[in-house]
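Please keep the sequence and the structure in view while reading.

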Amino acid sequence: MSGSAETVPAPMTAPPGRALPVWLRDPLLAGILAAILAVCIGLVGLKPAPYLVNTVGQLAAFAILAVSLDLVWGYLGILSLGHGLFFAIGGYVCAMHLLAHAFSVTGVAPDFVQFMGWKTLPAYWAGLTSAPYALFLALALAATVAFVFGYASFRSRVNGVYFSIISQALVYVAMLLMFRNDTGLGGNNGMTGFPLLFGLAMGSAAVTTGLALASLLTLAAVLLGTRALVAGRIGRRMLACRDDETRLRTLGYGTTRLKLAIWCLSAMIAALAGILYVPQVGIINPRVLSPDLSIEIAVWVAIGGMGRLGGAVIGAVAINALKFWLSAAMPEAWPFILSGLVLVVVLALPNGLLDLVTLRAKPTWLRARGRR
């Protein structure tokens, strides 16, 4: 996982005066977008089982989360072990909106409100019956937390393993805070029991399919947007900052502002993933802030292949699909299998699963590695 990320491939040549669309410059991205389109068509036309549709939606949300980390790790060299915090911010705000909306429609207070003996929702829940406001609040809150933490870290030149440790400490502190019942956010039990989404019954076929489609389309939009970003001038500065930040700073470029801007953008993308994830699982509690999740996100990116965006999607989908299956079949074996996968990637596939393509293109790879 500590190996350097693969450089963004050079763009394909285009006729003079005509630039190729961003998705044609990267065959991996084009393949993933085609797969997303095919899955969307299948969800609408074939109408698969609700469980399968829900699983697809969750995998898409996890893929968005992985892309958010790959943006700062693969292209800036910043390994965050606290991205679960931004994911949780989006999830908690989404849960607050769902409960506030249900309370305004049904008049039935959420379970944690009744448990605390309160008569109404806390004052800071005001306005959360509005979905646009809840979306704005989630993204703004994630960006604000990321800005404060990032500004303090980047201005102090905190990098490498020290930044990773501090980010993990931050998410752990947030987890301890959310376990308190007096926060008004459900405490240890979290928030659940979401009956409605935009006036429709939660769990219905229309809502389940709609959430899965929204997650897939959001994933496609995030991939296109981030790929366009890293393919341009900003992306070149990001790679230069990752490879030699001191030299870039010596040349007069403001690396602090660059890192801070991309860090905040990554936090908002992670919050967006949390917004899409919570309605599909129907619950959120402080365990989503466990350091284990933040470490798993890094594992997804490393196994898929960091520094390619599409590799993060492949890693998140492959690992979580395997986890869903093994958690039911062999739950006690999953931690050992995941550890084994990490060891294989670190020792044999430094660029993740994308190295399998290199194996086919260069059959002497294993022999060369053996000689070394």
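**Basis and confidence**

This is a predicted model, in which local features need pLDDT of at least 70, side-chain atom pairs count only at pLDDT 80 or more, and totals for chains, interfaces and linings use all residues. Residues are numbered from 1 along each chain as its sequence is written, and side-chain values use heavy atoms, with hydrogens and water left out.

The chain has a mean pLDDT of 85 (the predictor's confidence in each residue, from 0 to 100), and 89% of its residues reach 70 or more. Over residues 1-17 pLDDT stays under 50, and the model has 33 contacts for this stretch beyond four places in sequence; a contact means heavy atoms within 4.5 Å. Residues 361-372 also have pLDDT under 50, with 7 contacts beyond four places in sequence. Where pLDDT is low, the predicted coordinates should not be read in detail.

**Overall make-up**

There are 15 helices and 4 strands in the chain. Both are DSSP runs numbered from the N terminus, helices being H or I with at least four residues and strands being E with at least two. Of the 372 residues, 48% count as buried. Buried means under 20% relative accessible area, exposed means over 50%, and partly exposed lies in between (1.4 Å probe, protein chains only). Among contacts between residues at least 6 apart in sequence, 78% join residues at least 24 apart.

The expected span is 1.5 Å times one less than the number of residues. The buried residues of helix 1 are Leu28, Leu29, Ile32, Leu33, Ile36, Cys40, Gly42 and Leu43. Their cover includes helix 2, helix 7 (205-230) and helix 12. Lys47 follows helix 1 and has a positive phi, near 50°.

Helix 11 (residues 291-304) has 14 residues and reaches 20 Å from its first C-alpha to its last, close to the 20 Å expected. Because 12 of its 14 residues are buried, helix 11 is largely enclosed by the rest of the structure. Among the buried residues are Pro291, Leu293, Glu296, Trp300 and Gly304. The buried residues of helix 11 pack against helix 2 (50-76), helix 3 (84-106), helix 6 (160-178), helix 12 (310-329) and helix 13 (334-348). Just after helix 11, Gly305 takes a positive phi of about 120°.

**Helix 3 against helix 6**

Two packed helices are described by the angle between their axes and the distance between the axes. For helix 3 and helix 6 the angle is about 35° and the axes are 9 Å apart. Axes are lines fitted to C-alpha atoms, for helices over the stretch in contact, and angles run from 0 to 180 degrees between N-to-C directions. Gly84, Leu85 and Tyr92 in helix 3 meet Leu170, Val171, Ala174 and Met178 in helix 6. The residues of this contact divide into 6 nonpolar, 1 polar and no charged. Here Ala, Val, Leu, Ile, Met, Phe, Trp, Tyr, Cys and Pro count as nonpolar, Asp, Glu, Lys and Arg as charged, and the others, Gly among them, as polar.

**Val113**

Val113 lies in helix 4 (residues 111-116). Its relative accessible area is 1%, so Val113 is buried. Not counting residues up to four places away in sequence, Val113 touches Trp118, Thr120 and Leu121. The C-alpha atoms of Val113 and Leu185 are separated by 9.1 Å, although the two are 72 residues apart along the chain.

**Salt bridges**

A salt bridge is a side-chain nitrogen of Lys or Arg within 4 Å of a carboxyl oxygen of Asp or Glu. The whole structure has 6 salt bridges, including those tabulated here.

| Salt bridge | Closest N to O |
|---|---|
| Asp244 and Arg247 | 3.7 Å |
| Glu245 and Arg249 | 3.0 Å |

Asp244 is partly exposed at 31% relative accessibility, while Arg247 is exposed at 57%. Glu245 and Arg249 both lie in helix 9 (residues 245-250), 4 residues apart, about one turn of the helix. Arg249 is partly exposed at 25%, and Glu245 is buried at 15%.

Shared partners join Glu245, Arg249 and Lys259 into one network of salt bridges.
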